[in-house]
Amino acid sequence: MSLFDKDCGCKDVAGIRDDKCDGCVCDQLRKLRAGEEVDLIIDGEEFLALTFACFDKKTCCATFLDNDYPFIVDCRKVDAIRILT
């Protein structure tokens, strides 16, 4: 299974907002489409040119690819996001 498959293992039901993932970064991640490129700042450290794969609203985990390796982060821990594409 590819991380770019429809749900990439993330359990999300479109249109339902019953999750605990709040904050502006979580809101932006909900809107991203697989394949979009972003930069993140987490605890003052920059993570550049990550490719978005999916967002799991039940766990608040966002999955990205970093040089073809999965990079998984809790959206509530992200200080800033820059959407590049």
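How many aromatic pairs does the structure hold? The structure, which is a predicted model, holds three of them.

The model contains an open sheet of five strands, arranged in the order 4-3-2-1-5 with antiparallel pairing. Strand 4, residues 69–74, and strand 5, residues 80–83, stand at the edges; each has a single partner strand, so one side of each is left without a neighbour in the sheet. From one strand to the next, the twist averages 40°.

Two of the pairings may be described further. Strand 1, residues 37–42, runs antiparallel to strand 5 and is joined to strand 5 by four bridges. Leucine 40 has isoleucine 81, in strand 5, as its bridge partner. Strand 3 and strand 4 also pair in the antiparallel sense, over six bridges, and here alanine 62 stands opposite valine 73 of strand 4. The hairpin of strand 3 and strand 4 has two residues between the strands, and asparagine 67 in this hairpin takes a positive phi near 55°.

## The helix and the segment before it

Helix 1 comprises residues 24–31 and lies across strand 2 (45–56), strand 3 (61–66) and strand 5. The helix runs at about 30° to strand 5.

Glycine 23 is found in the segment before helix 1. This glycine is partly exposed, with a relative accessible area of 33%. The C-alpha atom of glycine 23 is separated by 8.4 Å from that of cysteine 75, although the two residues are 52 residues apart along the chain.

In soluble globular proteins, nonpolar side chains tend to be buried together. In this model, the largest nonpolar core has 18 residues, of which Leu29, Leu40, Phe55, Phe64, Phe71, Val73 and Cys75 touch the most other members. Helix 1, strand 1, strand 2, strand 3 and strand 4 are the elements that give two or more residues to this core.

Cysteine 75 shows the contacts of one of these residues in detail. Leaving aside residues up to four places away in sequence, cysteine 75 touches Cys21, Val25, Cys26, Leu29, Phe55 and Cys60. Cysteine 75 is buried because its relative accessible area is 2%, under the 20% limit for that class.

## The disulfides

A disulfide is a covalent bond between the sulfur atoms of two cysteines. A search of the whole structure finds two disulfides. One is formed by cysteine 21 and cysteine 60, whose sulfur atoms are 2.0 Å apart. The torsion about their S-S bond is about -95°, so this disulfide is left-handed. The pair links distant parts of the chain, 39 residues apart: cysteine 21 belongs to the segment before helix 1, and cysteine 60 to the loop between strand 2 and strand 3. Cysteine 21 is buried, at a relative accessible area of 0%, and cysteine 60 counts as buried at 0% relative accessibility.

The other is formed by cysteine 26 and cysteine 75, with their sulfur atoms 2.0 Å apart. With 90° about the S-S bond, this link is right-handed. It also joins distant parts of the chain, 49 residues apart, with cysteine 26 in helix 1 and cysteine 75 in the loop between strand 4 and strand 5. Cysteine 26 is buried, with a relative accessible area of 1%.

Cysteine 24 is exposed, with a relative accessible area of 59%.

Cysteine 61 counts as partly exposed, at 27% relative accessibility.

## The aromatic residues

Phenylalanine 47 lies in strand 2 and phenylalanine 71 in strand 4, so the pair ties together parts that are 24 residues apart in sequence.

Phenylalanine 71 is buried, with a relative accessible area of 17%. One aromatic cluster is formed by Phe47, Phe52, Phe64 and Phe71. Within the largest nonpolar core, Phe64 and Phe71 are among the residues that touch the most other members.

Key: Residues numbered from 1 in each chain as written. Predicted model: local features only at pLDDT ≥ 70, side-chain atom pairs only at ≥ 80, totals over all residues. Heavy atoms only, no water. Pairing = 2+ DSSP bridges. Axes fitted to C-alpha atoms, helices over the stretch in contact; angles between N-to-C directions. Contact = heavy atoms within 4.5 Å. Core = buried A, V, L, I, M, F, W, Y, C linked by side-chain atoms within 4.5 Å. Buried < 20%, exposed > 50% of the residue type's maximum accessible area, 1.4 Å probe, protein only. Disulfide = S-S within 2.5 Å. Phe/Tyr/Trp six-rings, centres within 6.5 Å; stacked < 30°, edge-to-face > 60°.
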